[in-house]
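Biologist: Please take a close look at one part of this model, the place where two of the chains meet. I would like one connected account.

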Amino acid sequence: MLDKLIALNADCAAALDDDRLEDWPGYFTEDAFYRVTTAQNHARGLPAGLIYADSRQMLRDRVLSLRKANVYEAQRYRHLLSVPRLRGEAGGRMQVETGFAVLRIVRGGATDIFASGRYLDEVVAGPDGQLLLQRRDVVCDSSRIDTLLAIPL
Amino acid sequence: MLDKLIALNADCAAALDDDRLEDWPGYFTEDAFYRVTTAQNHARGLPAGLIYADSRQMLRDRVLSLRKANVYEAQRYRHLLSVPRLRGEAGGRMQVETGFAVLRIVRGGATDIFASGRYLDEVVAGPDGQLLLQRRDVVCDSSRIDTLLAIPL
Amino acid sequence: MLDKLIALNADCAAALDDDRLEDWPGYFTEDAFYRVTTAQNHARGLPAGLIYADSRQMLRDRVLSLRKANVYEAQRYRHLLSVPRLRGEAGGRMQVETGFAVLRIVRGGATDIFASGRYLDEVVAGPDGQLLLQRRDVVCDSSRIDTLLAIPL
């Protein structure tokens, strides 16, 4: 199972890094919840997220907006992922934690560390057996994350 | 066995990254040796380390000091670990090498690369079968590591 | 098979990071192709690479040059590798993609992100069953890579 979780994370990150943004929502369930927040807000139980979506369709809409804004021309990501840690399993849902860092490569410019943090995921089996994200809370270590028009993490 | 070594490293790093410092000594044996040194000193066989402990209790004491100094409020780590490489095995001890990088997130500030290097570990099986660190030499690539009051690597 | 691909990548990177440059060509076949290029050039199908070799001997020659130039004294690398993604397999050749980042540690100086990108590899089984690189295209995310006298990526 660990191998399949590793592959899910790797495929999901590669879709973002390799400019196949349209493939990215496909790793989520139709009614998936996706949020980017900070460690500080997460620890305080604050609901507000920097990015928020409660369906796969909202993720697709975000990708469309990014394409229109032509963001990808100007920047790329490179995800560095830790090994997922299975924290629990009940009712067909796995609770999974994965550390991450994302480098941002700005065209004609420098490479910097854009974000780091943890994915707090709920993973379920999809209709044809593949794993899908039912929920992904992206908890960023730093409070200084500029997600305006950013590629998802 | 590789899976268990990966999990040991991941759990150990997550305790540090997730502000569960008190859990960290639990991944070492009672008479464990832990040292942070530089590649230059390591290559010359110099014994002096930037951090040094020869028992689990000393690791616990260090964590206590860090709590009193309230270091964690001001900074967080994010470990990025390579896959461990098993270098040898004899008398129930595994020799394991793992590359690492540690990002440091300063509150209200930037994220930088705090350290990179190799863990040179001796790993043994604990009383209930779980793997434990008997020895960890943290060999940092750079000679410019400020470990004063720093969270362990 | 994934375990063996992970180990090939880890061993190959460790040879570079641990100053065992002479071991590095040993992970390639005799008639291997190795190239470092940029994502921009790769997307346009431009052949020109920042580093180019079409045999293991050329890789050995490059290592010799690096030793003469004493580059290693002045800098070290630390590779951070993603999990390899098997993209296809035919005629005994595996097509494998692996994300990477390379930190550079300059002696007496800072640590920065030297490069990030993808390895696009063709991997074959060598005479005694071990995996070897038949081809490695190192596709760097950024166009600003200074590879003059640099350690290979």
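Modeller: **The interface of chain B and chain C**

Three residue pairs are in polar contact across the interface of chain B and chain C, both residues at pLDDT 80 or more. A polar contact is a pair of N or O atoms within 3.5 Å; within protein, one must be able to donate a hydrogen and the other to accept it, and residues adjacent in sequence count only if both atoms are side-chain atoms. On the side of chain B that touches chain C, the elements giving two or more residues are α2 (39–43), β5 (93–106) and β6 (111–125) of chain B. Helices (H or I, at least four residues) and strands (E, at least two) are DSSP runs, numbered from the N terminus. By class, this side of chain B has six nonpolar, six polar and five charged residues. Here Ala, Val, Leu, Ile, Met, Phe, Trp, Tyr, Cys and Pro count as nonpolar, Asp, Glu, Lys and Arg as charged, and the others, Gly among them, as polar.

The model is predicted: local features need pLDDT of at least 70, side-chain atom pairs count only at pLDDT 80 or more, and totals for chains, interfaces and linings use all residues. Residues are numbered from 1 along each chain as its sequence is written, chains are lettered from A in the order in which they are written, and side-chain values use heavy atoms, with hydrogens and water left out.

Now the charged pairs. The rule finds three salt bridges between chain B and chain C (a side-chain nitrogen of Lys or Arg within 4 Å of a carboxyl oxygen of Asp or Glu). One of them joins Arg118(B) to Asp18(C), at 3.7 Å from N to O.

Next, the extent of the contact (heavy atoms within 4.5 Å). Chain B brings 17 residues and chain C brings 19 residues. Together the two chains bury about 1,400 Å², 56% of it on carbon and sulfur atoms. Buried area is the accessible area (1.4 Å probe) that two parts lose on being put together, summed over both. Of the area that chain B buries against chain C, 37% comes from Arg85(B), Ile113(B) and Asp141(B), more than from any other three residues.

Chain C also meets chain A. There, 17 residues of chain C are in contact with 19 residues of chain A. The buried area is about 1,400 Å², with 56% on carbon and sulfur atoms. Arg85(C), Ile113(C) and Asp141(C) lose the most area in chain C, together 37% of what that side buries. This interface has three salt bridges. Among them is Asp11(A) with Arg85(C), whose closest N and O atoms are 2.9 Å apart.
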